[in-house]
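Subject: A structure for you to look through

Hello,

I am passing on a structure that I have been reading through, and I would be glad if you kept it open while you go through my notes below.

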Amino acid sequence: MMGESDAAGASTRRRRATLAAAGRGVSLQPVTGSSAAACQSAVTADIKGDDGQRKRDHSLETVRSKSKKEKKKPRGDISERLGCHKTQESLLSSASGYNNYRGILNWCVVMLVLSNARLFLENLLRYGILVDPIQVVSLFVKDPYSWPATCLVIVCNVFILVALYTERQLSMGSFSEFVGLLVHCINIAIMLTFPAAVVLIVPSVTPVGGAFALGTYTILFLKLYSYKDVNKWCRELSTAKAKKLSRSLSCPSAQHFSDNRKVCYPGNLTIRDMYYFALAPTLCYELNFPRSPKIRMSFLLRRLFEMLFFIQMLVGLTQQWMIPIIQSSMKPLEDMDLSRMTERLLRLAVPNHLLWLMFFYWFFHSSLNFSAELLRFGDRQFYNDWWNSETVTYFWQNWNIPVHKWCLRHFYKPLLRTGFSKMVSQSAVFFLSAFFHEYLVSVPLRMFRLWAFMGMMAQLPLAWFVGRFLRGNYGNAAVWMSIIIGQPFAVLMYVHDYYVLHNRQEVD
């Protein structure tokens, strides 16, 4: 009986210990001896049993949740398979908003390189190496002891000094405004007629040398016209006794300069100021040009290297690529074979356009930046993003910024202030540009065919058509087509006429 009662008591104590461990709030009565050890082992076994039960319950819940997900997953896959479309635009559509065409651009570059490499190899196999540096010298000089084009360029200093002398006399009151205007008009009129007469009369002037001399005189003509206008505006401001002269045109604010020195009228009428403007890469005169702080030798040397490299490329490609195509085009032009003429025109379009792009980079980026860096001339915006032109007008406004600034400042806006409409003023600007294009081509070639003049005047109806009917990418494509096709067409016309004219003279 005693053993049974002890066993029953031990069992009761184990149940109490289990309840205390489960409840965590009930205290056990202290026990001693073997009973305490038995109780401790019973409590530990019960706690382990409870933890195992919890783990089994948790794993069972995890399995059930996974089974539920697995039961639901096939239903989701089926719904996704049933519907696979949504509202969206094609990537090549403008409405899609997609603009990453880098791969297509790389593809175009690779195709352009491969196609031109094939043409280059074909040219070498057919004609051999035609590059001859000695022939380039003969384009400028016929007689090594006679340099008429160079002499013409040296003579242009006379016109520079006459303009400076006239402005000095006007500033001192020795000349009236009428007399000063008359002297300036005579000076710039002779600047256009005198070199043209020399090129037409003197037989030793080559076409290339004559074009170089006339180009120099044309640039100087535009510079001296601007010099006359700006100094006249300064005199008008002085006469009106402007209260804030430092903020006027004659004395811009000091924030535009790297130093505090600025020139006011008539302190600008010096030989140094005059020749700085004559050599500066701009056509618009100012009393105080923006100046860069110093000459960057690394930048200067890079531009010099580009100038030398691209001039060699231009000469080499012209001799190797352009001249054979032009020579092979004479027969179809004489026979008026339209199909072969079109084929020769398209063959000439690619090298002509490539040379034009190289010339643009050589002149507007390398050469003008070189002279600007050498003179510390601060305004380096010689061109804008004309390659994105969506209208013809935008192209002519942005591909040659110095000429555009001159036309806007000294020709277009004065016509508007006089009372002319915008259409008439724009037409006048194109007419002036057409005149100088023809002047720079026909006079050196000693023949007048008006191809350049008509090509420039044709830009007016083309600008109207593109601006009215073509927009965006279509307008940009039309501008590129006019550049790529129009120039080689004019080149063929002039070369054909020059070839026929000189061949007839040789036959006679």
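**Loops and backbone**

L450 lies in the loop between α14 (422–445) and α15 (451–457), and please keep in mind here and below that the model is predicted. The phi of L450 is near 65°, which is a positive value in a residue other than glycine.

In the loop between α7 (207–239) and α8 (271–279) you will find P266, and the peptide bond that joins Y265 to P266 is cis, with omega at about 5°.

**Helix α14**

How far apart are the end C-alpha atoms of α14? They are 35 Å apart, and this agrees with the 34 Å that the 24 residues of the helix should span at 1.5 Å a residue. Among the buried residues of α14 are V429, F430, L432, F436, E438 and Y439, and just after the helix R446 takes a positive phi of about 60°.

In soluble globular proteins, nonpolar side chains tend to be buried together. In this model the largest nonpolar core has 60 residues, and M191 and L224 are those with the most contacts inside it. Helix α7 gives the largest share of this core, namely ten residues. Leaving aside residues up to four places away in sequence, M191 touches F159, Y217, L220, F221, L224 and Y439, and Y439 is also one of the buried residues of α14. Another core, of 20 residues, lies apart from the largest one, and its members include F310, L314, W321 and M322.

**A patch on the surface**

Which residues make the nonpolar surface patch of about 930 Å²? The patch is made by L91, L92, Y98, Y101, I104, W107, V110, M111 and L114. Of these, L114 is found in helix α3, which covers residues 102–127, and L114 is classed as exposed because its relative accessible area is 53%, where the class begins at values over 50%.

Best wishes

How values were computed
Residues are numbered from 1 along each chain as its sequence is written. This is a predicted model: local features need pLDDT of at least 70, side-chain atom pairs count only at pLDDT 80 or more; totals for chains, interfaces and linings use all residues. Side-chain values use heavy atoms; hydrogens and water are left out. Helices (H or I, at least four residues) and strands (E, at least two) are DSSP runs, numbered from the N terminus. A nonpolar core is a set of buried Ala, Val, Leu, Ile, Met, Phe, Trp, Tyr and Cys residues joined through side-chain atoms within 4.5 Å. Buried means under 20% relative accessible area, exposed over 50%, partly exposed in between (1.4 Å probe, protein chains only). Contact means heavy atoms within 4.5 Å. The expected span of a helix is 1.5 Å times one less than its number of residues. Patches are made of residues with over 30% relative accessible area and no salt bridge: like charges are joined within 9 Å, nonpolar side chains (Val, Leu, Ile, Met, Phe, Trp, Tyr) within 5 Å. Accessible areas come from the Shrake-Rupley method with a 1.4 Å probe; for residues, only the protein chains shown count as cover. A salt bridge is a side-chain nitrogen of Lys or Arg within 4 Å of a carboxyl oxygen of Asp or Glu.
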